[in-house]
Amino acid sequence: MLKAKILFVGPRESGKTVLANFLTESSDITEYSPTQGVRFESCWPALMKDAHGVVIIFNADIPSHLREIEMWYSCFVQQQFLQDSQCLLVAHHKPGSGGTTRSLSLSPPLNKLKLVHSNLEDNPEEIRAEFIKYLRSIVSALSESRDREEMSIIT
């Protein structure tokens, strides 16, 4: 069985924990409780090691998040030599925010990434379906890479 290491990164208060919990079905979504402000910059190199994919989560209703996600992309995708297909960009709308799936003006290279909106109040299964598609593409790429590696050993 293949294991994939997927990182959930993004600005503070963007919804990383609630989305991770929802997608892994490890908690009910009844009330928003922010993760205590913990910064792990010193651990980033260890966290990034051998990552197969990155989900960048941001709150589209906070203007500074649109600027911050460029740094997350640069650090966790570009500097790790991941392909854009290994990255999923999630515009998370918190409960009660009234957030819409309006078109976002993203700068290059972010505008090339797969962008999905998540709203766990209105349409929770949409983000689950998009994440499953993303995860399948990561696992498929891993499987193909492993097959190529095995063939190179055999030949």
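Reader: What does Val-54 touch, leaving out residues up to four places away in sequence?
Author: This is a predicted model. In it, Val-54 touches Leu-7, Val-9, Phe-76, Val-77, Leu-82, Gln-86, Cys-87, Leu-88 and Tyr-134.

Reader: How far apart are Val-54 and Leu-7 in sequence and in space?
Author: They sit 47 residues apart in sequence. In space, C-alpha to C-alpha, the distance is 4.7 Å.

Reader: Is Val-54 buried or exposed?
Author: Buried, because its relative accessibility is 0%, and the cut-off for buried is under 20%.

Reader: Which strand is Val-54 in?
Author: Strand E2, residues 53-59.

Reader: How many bridges join E2 to E3?
Author: Six, and the two strands run parallel. Between E2 and E3 the chain passes through helix H3, residues 63-78. That β-α-β crossover is right-handed.

Reader: New topic. Why is E3 largely enclosed by the rest of the structure?
Author: Strand E3 spans residues 87-93, and seven of its seven residues are buried, so the rest of the structure largely encloses it.

Reader: Which residues are on each side of E3?
Author: One side has Cys-87, Leu-89, Ala-91 and His-93. The other has Leu-88, Val-90 and His-92. All of these are buried, so both faces are covered.

Reader: And E4, how many bridges join E3 to that strand?
Author: Six again join E3 to E4, residues 114-119, and these strands run parallel. Val-90 has Val-116 as its bridge partner in E4.

Definitions and conventions
Residues numbered from 1 in each chain as written. Predicted model: local features only at pLDDT ≥ 70, side-chain atom pairs only at ≥ 80, totals over all residues. Heavy atoms only, no water. Helix = DSSP H or I, 4+ residues; strand = E, 2+ residues; numbered from the N terminus. Buried < 20%, exposed > 50% of the residue type's maximum accessible area, 1.4 Å probe, protein only. Contact = heavy atoms within 4.5 Å. Pairing = 2+ DSSP bridges. Right-handed = clockwise from strand over helix to strand, strands pointing away.
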